[in-house]
Amino acid sequence: YPADKPFAAESVRLLNRLLESEADLNVAYAALIAFGHLQHPECVPAAVRIAGHADPDIRYGVAFSLAGQDDPRAIDT
């Protein structure tokens, strides 16, 4: 992964665990925005999984996190 993001994989794993258990929508939103900045392929499954969330901010976070990804799941979502 790019040298300017040396801990991206570790960050993605942490953020994925956070999204699985976090009830606070602000924290979940922040994690999705972080996904968007990381642009790591491992961000896609978690973002796709919550794409239909009822909260519009979470849906925006999903869209932000998937923008620029070339994974077919991200494009379909």
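In this predicted model, glutamine 69 counts as buried, at a relative accessibility of 11%. The cut-off for a buried residue is under 20% relative accessible area, so the value for glutamine 69 falls on the buried side. Glutamine 69 sits in the loop between H4 and helix H5 (72–76). Leaving aside residues up to four places away in sequence, the residues that glutamine 69 touches are Gln39, His40, Pro41, Val44, Ala74 and Ile75.

The protein chain holds five helices and zero strands, and the pattern along the sequence reads α-α-α-α-α. The C-alpha trace spans about 35 × 25 × 15 Å along its principal axes. Of the 77 residues, 34% are buried. When contacts between residues at least 6 apart in sequence are considered, 63% of them join residues at least 24 apart.

Helix H2 covers residues 25–38, which makes 14 residues. From the first C-alpha of H2 to the last, the distance is 20 Å, close to the 20 Å expected at 1.5 Å a residue. The buried residues of this helix are Ala28, Ala31, Leu32, Ile33, Phe35, Gly36 and Leu38. Helix H1 (8–21), helix H3 (44–49) and helix H4 (56–66) are among the elements that cover them. In an α-helix there are 3.6 residues a turn, so residues three or four places apart point the same way.

Alanine 34 also belongs to helix H2, but this residue is partly exposed, with a relative accessible area of 25%. Because the partly exposed class lies between the under 20% cut-off for buried and the over 50% cut-off for exposed, alanine 34 is placed in that class by its 25%. Alanine 34 and alanine 63 are separated by 29 residues in sequence, and their C-alpha atoms are 12 Å apart in space.

Definitions and conventions: Residues numbered from 1 in each chain as written. Predicted model: local features only at pLDDT ≥ 70, side-chain atom pairs only at ≥ 80, totals over all residues. Heavy atoms only, no water. Helix = DSSP H or I, 4+ residues; strand = E, 2+ residues; numbered from the N terminus. Buried < 20%, exposed > 50% of the residue type's maximum accessible area, 1.4 Å probe, protein only. Contact = heavy atoms within 4.5 Å. Expected span 1.5 Å × (residues − 1).
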